[in-house]
Amino acid sequence: MSVLYFAATRDLAGVAEERLDLPAELDHVELRARLAAAHPRLAALLPTCRFAVDEEIVPPGAMRLRDGSCLALIPPVSGG
Amino acid sequence: MANVTGLVDGPLGVAQRSPPLSPGNGAVASFLGVVRDHAKGRGVTRLHYECYRPMAEKVLARIADDARRFDPALVVTAWHGLGTMVPGEVSLVLHASSAHRGPAFDAVRWLLEEIKRELPVWKRQTFDDGSDEWVHGS
């Protein structure tokens, strides 16, 4: 599964896009734990991030990922 | 008329700042977001905007469609600039066109707040001492 990082999350992860092996079903708590394990510097920012799967924000709780899904970390936005 | 929305490279110019006019819509309310030269009491020399483009394009179009809650005949124009901009340049243009002023004013304010809350765009600000930081939430 490909994972996209933007803005501060990209700087902290040190990568804009990568492939990570993630379970097909997991909740936000587990996802944050896995991302923090992959990128310890991200840990402090993760509680503020939302997640998008295939360009749609996923509500808190369980999420379903399929092979070929694209997961994006969405830190607090600041457009305008 | 259909809504027109998009994210474009660079500051927004005269073309984007001109609202579409139609004889049936007697009111156009517009908002311009201008790069400010200060933040948190410090001087700002430039902003850099980036986005998650495919998602941002969808979200911006959806927000424009949702603004029809104020008037089914509302026509929205929404442009967001990307990349590096200096103070005084225009980063956001919104036009809400309606038969009457009430829905136009209400919609343009609502559009702005929704964009600030939902659009996956991020800005990095550079201060006059050369330091910079991502802005989180605004």
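Trainee: Among contacts in chain B between residues at least 6 apart in sequence, what share joins residues at least 24 apart?

Mentor: That share is 75%. Two residues are in contact here if their C-beta atoms, placed from the backbone, lie within 7 Å. Bear in mind that this is a predicted model: local features need pLDDT of at least 70 and side-chain atom pairs count only at pLDDT 80 or more, while totals for chains, interfaces and linings use all residues. Residues are numbered from 1 along each chain as its sequence is written, and chains are lettered from A and ligands numbered from 1 in the order in which they are written.

Trainee: OK. How many helices and strands does chain B have?

Mentor: Chain B has three helices and eight strands, in the order β-α-β-β-β-α-β-β-α-β-β along the sequence. Those are DSSP runs numbered from the N terminus: helices are H or I with at least four residues, strands are E with at least two.

Trainee: And why call chain B as compact as a globular protein of that length?

Mentor: Because its radius of gyration is 15 Å, close to the 14 Å that the globule rule gives for 138 residues. The radius is taken over C-alpha atoms, and the rule is 2.2 Å times the number of residues to the power 0.38. Along the principal axes, the C-alpha atoms of chain B fill a box of roughly 50 × 25 × 25 Å.

Trainee: How much of chain B is buried?

Mentor: Buried residues are 38% of the 138. Buried means 20 or more other C-beta atoms within 10 Å of the residue's own, exposed means 12 or fewer, and partly exposed is in between, with C-beta atoms placed from the backbone.

Trainee: Which residues have the most contacts inside the largest nonpolar core?

Mentor: Among them are Leu73(A), Ala56(B) and Ala107(B), in a core of 53 residues. A nonpolar core is a set of buried Ala, Val, Leu, Ile, Met, Phe, Trp, Tyr and Cys residues joined through C-beta atoms within 7 Å. Leaving aside neighbours within four places in sequence, Ala107(B) is in contact with Ala67(B), Phe70(B), Leu74(B), Ala96(B) and Ser98(B).

Trainee: What about Leu73(A), where does that sit?

Mentor: Leu73(A) is in E7(A), opposite Phe51(A). E4(A), residues 50-53, and E7(A), residues 70-74, pair antiparallel over four bridges; two strands pair if DSSP finds at least two bridges between them.

Trainee: What's the strand order in that open sheet of chain A?

Mentor: The order is E2-E1-E7-E4-E5, with mixed pairing. E2(A) and E5(A) are the edge strands, each pairing on one side only.

Trainee: And which residue takes a positive phi in the hairpin of E4(A) and E5(A)?

Mentor: Asp54(A), with phi near 50°, and that hairpin has two residues between the strands. In chain B, the hairpin of E7(B) and E8(B) has four residues between the strands, and Gly130(B) takes a positive phi near 95°.

Trainee: Switching to where the chains meet: how many residues does each one put in?

Mentor: Chain B gives 21 residues and chain A gives 15. On the chain B side, helix H2 (53-66), helix H3 (101-118), strand E7 (121-127) and strand E8 (132-135) each supply at least two residues.
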